[in-house]
Structures are given as C-alpha cells and as structure tokens.
Amino acid sequence: MAKQNVSEQFVDILVRAGVKRLYGVVGDSLNPVVDAVRRHSGVEWIQVRHEETAAFAAGAEAQITGTLAACAGSCGPGNLHLINGLYDAHRSMAPVLALASHIPSGEIGLGYFQATHPELLFQECSHYNEMISNPQQMPRLLQTAIQHAIGRGGVSVVSMPGDIASQPAPEKSIEHALVTSRPTVRPGDEEIDKLCAMIDKAKRVTLFCGSGTAGAHAEVMEFAERVKAPVGHALRGKEWIQYDNPYDVGMSGLLGYGAAYEATNECDLLILLGTDFPYNAFLPDDVKIVQVDVRPEHLGRRSKLDLAVWGDVRETLRCLTPRVKVKTDRKFLDRMLKKHADALEGVVKAYTRKVDKHVPIHPEYVASVLDEIADEDAVFTVDTGMCNVWAARYLTPNGRRRVIGSFSHGSMANALPQAIGAQFTDRNRQVVSMSGDGGFTMLMGDFLTLVQYDLPVKVVLFNNSSLGMVELEMLVAGLPSFGTTNKNPDFASIARAAGAYGVRVEKPKQLEGALKDAFKHRGPALVDVVTDPNALSIPPKISADMVTGFALSASKIVLDGGVGRMLQMARSNLRNVPRP
Ligand SMILES: Cc1ncc(C[n+]2csc(CCOP(=O)(O)OP(=O)(O)O)c2C)c(N)n1
Ligand SMILES: [Mg+2]
C-alpha cells in the first residue's frame, strides 16, 4: 500500500470511526484534507455557507444517529466561525470531531496572517483539544480525539497546520480498533442497597426525568408503576418520557406546565433520573433527593443530594425495580395526576381563543396544526426563542419523532443548520425546521445549502417580525421593548428566488393547506407564516407585582399558555383514578 499523507490518514480514520460526511467551508490550510475527502469514496464533503452551520449540522447528525459526526473550518476566521455550534454540540453531549486547520507551523506565534490559537479558543467547548504539530503524532492523536468525543459525549477539536496536513504519515494506517459506542454503567451494590432502602421507606416518590432517560422508557414506566410515582420531566426529557406515560405530570422549568412542580415539591423522595436541569429554583430544598446520572460530574451540581448514584438510568432501574417493595398506595400519584389534568384544563379555559380565525395568525395555532399534520417519525428542529415554547407545548412526542434544539446552550439560529444535519442522515425522513424570523435571518445564507444539495427540509417560519422572546423578557422585567423589531422581507419570495418552494401565509384558513402542500413538495420548502407579534401567551391579567416580582416566576406565569394535545393525555390518564 502506498504511503499515505497525514490528511489521507486523517480521513481514513474518520471513516473507520463511522463519519459519513464532513461539513465545512474550504480554505488554504484545509485544502489537503478536503482533497483527501474528495478522493475517498466513504465520506462526503458538505459545503455550507457559514462554519457555524457546519458545527450545528454535525451536532444534530450526532444527536440523531448517536455516532460520531464531523466538521471543519480553515485557519483563523474559518475555525472561529465553528465555535458557537461546537458549544451547542458539546453541551448537548453530541460526539463531534472538529478539524480546525491552522496557519503554517513555522509561523505560529509570529502574528502571521489569520493567526489565532485554536488550543486556547476551543478549550471550553471540548473534552479534548490538541494540535498536530508533527506527523509522528498521527494516527494516535486523532484516535485519542475520537475516543474522547465518543466516550465522554461531546466535542473534540484537532487543530492542524496546513503544511503538516500534506506531509507523509510516518506509520501506515493500521486497522486500529476504535471505541464506537458507550458502555452501560451499573452503580455499585452499596448505592443500589442504599437507594432501595430509601425508596422502601418513602411514602411519596416522584421521578423527574431528563435526556438521560433516552432508551429507558419501559424501565421508567415499570419502576413508576412499582412505587406508584408521578413522573415529571425537563424539556430535554420530554421526547423520551412523555409519551405512553400513565404517570405523566408534565414539565418543570420556565416553560413548564401541569403538576411537575407540585409533584417534585410535595413528595418525600425525589429521584432525578438523567437530568442536568439547570433551574434549581424549581427544585425543592426540603425533601430527600437522589440523583442518578452516568456522568459523575453532574451529580449534585443543581441541588443538595441525599444520595448520589453513578450509573446510567436504564441499568440502574433494571437493578433496582425487582428489589424495591411494591407500593400499593396510589393516593399521592392520583392526587398529582388530578392536579395535572386540572392545571391543563384551567390553562385551556383561560386561553381559549378563536385561534383558527385570529389574524395575524396565532403562533400556537401554527404549532398545533404542525403537530397534527407532521409525520409520526418527523424530526423537528426548534429555534431558540418562542419556538421553544410552542414546541414544548404543542409537539406530541411518540417515541419515534425527534425534537432537537439548542436546549442547553440556548443559541439562536440553530434550527435551520440542525435540520441540514438531520436531513442528511435520512433524505426520506420528514425534517421540519421551526424557525423564528430572528433565528432564520441570522444564518439565512445556509438556506442556499438546502437548494445546493436538494435537501427536502421544510422551514416553517414563525415570522412575527420581532425578537419575540426578548420582548417578553423586557415585559417581564418592566422594561419598554427596545431593539426587538425586525423589518422583514417576504421570505417566500426569497425562497423562490433561491430555487426552493416558497409560500407566504397570512390567513389562518390558508395555513393547513399551505403546510400540507409544502410537506408534499419533494425538495426544500419554506412556509413564511406571518404570526402575531402580540400573541405571546400572556394571561388576561398581569398584576403589577407579577411584573416587578422575581423574573423567573413572572416569566413562568406569562408563559403558562396553551397545552395542545397534552390535555387529552392527562384526561385519559385520569380514567384509572377512582373518583372520590
Ligand atoms: C446568538 C444569540 N443571540 C441572542 C440571543 C438572545 N435571544 C434569545 S431568543 C431571542 C429572540 C429570537 O427571535 P426570533 O428568532 O425571531 O424568535 P421569536 O422569539 O420571535 O419567536 C434572542 C435575541 C441568543 N439566545 N442567541
Ligand atoms: Mg421572531
């Protein structure tokens, strides 16, 4: 076999680690690697218009497949543009390998054109961040980077000067065995014993679930049944745990609804399952709390713990469930289920508006129609802003749909680039980008990527000509809104001019048909829905102390809007509850 250069070996190893495509923008220092990609049949170069898109797309791909994805940026500005998307991938624990190509090795530290220090820049958004300054570091350095990204779940950055990338690789590429999946982590016997004893002693157990419950739906349900526990969730746990869940008491947090807050605060033992829920103001400080997490560094960083259990949720529950005593008293569970249904009922009553007639179109109406007509296995990507609220309230999870957002990093403009990454994993799956007008225009250049690759992503634009979420924040803080209006074009015309399908919807009665037509279209499509900027989920009456009060609780009150199909679910769960 002919000797490889460093770039060829780099690409070869990525392919063996399961990477199917490399998202990025070409540039001199990166050219040797891009050339190696061009010559390798196992990997595709995906040309985006902004490197931030590359990183978001790779992060989404990794979140959909659970396997390594990759992106690249050329030296200096090219890799600086990656950063925000990499922060998001890292905080979403998505295994992503980023190649930050670097200025010529002989010029480092001398203020050369486009000089930066990638080893400093990417420090905070990676588990591993090293430079290849000598071909001898290959292939071990890249393998180590890959193991970090997969093993620890997050980003690894490899920076590499262009001149090193074209040098011969010293060792020929051996078939090195790489870790490509994570192990199951079972807690120690002592922890299981202690946890069993605590559960057996407790009278009212509540489970609160995060994204660590992915793949553990059956185990959580079985455990909840055994100990008669209400099950609440954080936003990132919703897609994994809310469906087919007779113990569901809703979501806690700023966008929360239902009785999750009550269930987590009125129990005598709260078990946090795979959640790094950040808002500790919503967690109780006077009940016993146990946290189960596969990442020991997450244990106890949100609340005081009475027991810290290092293990993955599924494995922990598998050990635990047969060992805890069956509880027969459903009083607490039934009371919480009732509270949950009542809470949703109350909200629906307070917010019943003629949304199907309201002009400008109410965004909640858009979200509810979307939920009705989208495929059972659709992927929704959701922009940070009010779209988060609509997605949390109106998208009905079913175990097959996916909902991806920037839920931990909270960046705008995530939805379109994440939709690109999601769609590349499967061109036949419906991918819907729920975009805000602010978010969409921030990385609008990459709408052209949909056209360039004929990706059938459907962009549903919640066009309220406003940075709505921030307007709401200002309202809650008692500030006049300022700097929040967007002067927007007709986005549908822009989409059509770009070569995509584009339609503008201003009347509610056009909405369903327009969405269905766009979904039927085989290529990229944009539905520009002109939504009401004043249609935030504001309760009919806001009292002065709500506005001037603690911002968190005030926003929560303001955000207590519609609840979509959740009410039906809550009602059906109540069927099992005996009437008093
Ligand atoms: C990169 C970035 N800049 C600023 C913010 C602060 N921010 C959060 S939501 C938001 C407004 C989003 O506006 P839009 O996309 O139109 O969505 P809307 O809330 O109007 O539905 C802003 C400015 C952020 N989260 N990320
Ligand atoms: Mg907006």
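Q: Where does Pro 360 sit?

A: Pro 360 is in the loop between helix 14 (331–351) and helix 15. Helices (H or I, at least four residues) and strands (E, at least two) are DSSP runs, numbered from the N terminus. Keep in mind that this is a predicted model: local features need pLDDT of at least 70, side-chain atom pairs count only at pLDDT 80 or more, and totals for chains, interfaces and linings use all residues. Residues are numbered from 1 along each chain as written, chains are lettered from A and ligands numbered from 1 in written order, and side-chain values use heavy atoms, with hydrogens and water left out.

Q: What is the peptide bond from Val 359 to Pro 360 like, cis or trans?

A: The Val 359 to Pro 360 bond is cis, with omega near -5°. A cis peptide bond also joins Met 138 and Pro 139, where omega is about 0°. Pro 139 belongs to the loop between strand 5 (128–131) and helix 7 (140–152).

Q: Moving on to helix 15, how many of its residues are buried?

A: Buried means under 20% relative accessible area, exposed over 50%, and partly exposed in between (1.4 Å probe, protein chains only). Nine of the eleven residues of helix 15 (residues 363–373) are buried, so the rest of the structure largely encloses this helix. Among them are Pro 363, Tyr 365, Val 366, Leu 370 and Ile 373, along with Glu 364 and Asp 371.

Q: What do those buried residues pack against?

A: Contact here means heavy atoms within 4.5 Å. The partners of helix 15's buried residues include strand 14 (379–382), helix 16 (386–394), strand 16 (431–436) and strand 17 (458–463). Helix 22 (508–520) and strand 19 (525–530) are on that list too.

Q: And zooming out, what does the whole protein look like in numbers?

A: You get 25 helices and 19 strands. Buried residues make up 56% of the 580 residues. Among contacts with a separation of 6 or more, 74% come from residues 24 or more positions apart.

Q: Which residues coordinate the magnesium ion (ligand 2)?

A: Donors are N, O and S atoms within 2.8 Å of the metal (3.2 Å for Na, K and Ca); water is not among the atoms, so sites may look incomplete. Here the magnesium ion has Asp 437 (OD), Asn 464 (OD1) and Ser 466 (O), at 2.0 to 2.1 Å. Their spacing in sequence reads D-x26-N-x1-S. Asp 437 lies in helix 18 and Ser 466 in the loop between strand 17 and helix 20, so this pair ties together parts that are 29 residues apart in sequence.

Q: Are Asp 437 and Ser 466 buried or exposed?

A: Asp 437 counts as buried because its relative accessibility is 1%. Ser 466 is buried as well, with a relative accessible area of 6%.

Q: Next up is ligand 1: which residues come nearest to it?

A: A residue is near a molecule if one of its heavy atoms lies within 4 Å of it. There are 17 residues around ligand 1, and Gly 438, Gly 439, Ser 466, Gly 468 and Met 469 come nearest. The shell divides into six nonpolar, ten polar and one charged. In that scheme Ala, Val, Leu, Ile, Met, Phe, Trp, Tyr, Cys and Pro are nonpolar, Asp, Glu, Lys and Arg charged, and the others, Gly among them, polar.

Q: Which element gives the most to the shell around ligand 1?

A: That's helix 18, with four residues.

Q: What about backbone angles: what is phi of Gln 114?

A: Phi of Gln 114 is near 65°, which is positive in a residue other than glycine. Gln 114 is in the loop between strand 4 (96–102) and helix 6 (118–121), and at 27% relative accessibility it counts as partly exposed. Asp 454 also has a positive phi, near 45°. Asp 454 is in the loop between helix 19 (447–452) and strand 17, partly exposed with a relative accessible area of 48%.

Q: Which residues does Asp 28 touch?

A: Leaving out residues up to four places away in sequence, Asp 28 touches Cys 75 and Gln 114. Asp 28 is in the loop between strand 1 (21–24) and helix 2 (31–39), and at 53% relative accessibility it counts as exposed.
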